[in-house]
Amino acid sequence: MISKYEFIDGEKANYPVTKMCVWAGVSKSGYYDWRKRPLSATAERREELAVDVRKVFDASDGTYGHRRVHAELGRKKNRCRP
């Protein structure tokens, strides 16, 4: 269900929300309720981790792959799983 809401949110500039809700089989009120909810702790952590990953990747001039990025995050005491 969440992925349908995320899709609608991403395409709202291109299509009317009402029609996309019908196409996706979700209620318009459910979509707007989803938009008002605060991010979960997991979603907040993922956003923070994405910022940290981007910083490490950019600092390497785009040369680090996932193994080096993971190792660098580990050296900085950033808890993440491979």
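Visitor: Which residues do ring pairs link into a cluster?

Guide: Rings of Phe, Tyr and Trp (its six-membered ring) pair if their centres lie within 6.5 Å; planes under 30 degrees apart are stacked, over 60 edge-to-face, and the rest tilted. Here such pairs join Tyr-5, Tyr-31, Tyr-32 and Trp-34 into a cluster. This is a predicted model, in which local features need pLDDT of at least 70 and side-chain atom pairs pLDDT 80 or more, while totals for chains, interfaces and linings use all residues. Residues are numbered from 1 along each chain as its sequence is written, and side-chain values use heavy atoms, without hydrogens and water.

Visitor: How many aromatic pairs does the rule give?

Guide: The count is five aromatic pairs. The rings of Tyr-5 and Tyr-31 have centres 6.3 Å apart and planes at 55 degrees, so this pair is tilted. Because Tyr-5 lies in helix H1 and Tyr-31 in helix H3, the pair ties together parts 26 residues apart in sequence. Helices are DSSP runs (H or I, at least four residues), numbered from the N terminus.

Visitor: Are Tyr-5 and Tyr-31 buried or exposed?

Guide: Buried means under 20% relative accessible area, exposed over 50%, and partly exposed in between (1.4 Å probe, protein chains only). Both Tyr-5 and Tyr-31 are buried.

Visitor: Which residues of helix H3 are buried?

Guide: In H3 (residues 28-36), they are Gly-30, Tyr-31 and Trp-34. Down the axis of H3, these buried residues fall within an arc of 100 degrees (directions from the helix axis to the C-beta atoms), so they line one face of the helix. On the other side of H3, Ser-29 and Lys-36 are exposed.

Technical notes:
Helices (H or I, at least four residues) and strands (E, at least two) are DSSP runs, numbered from the N terminus.
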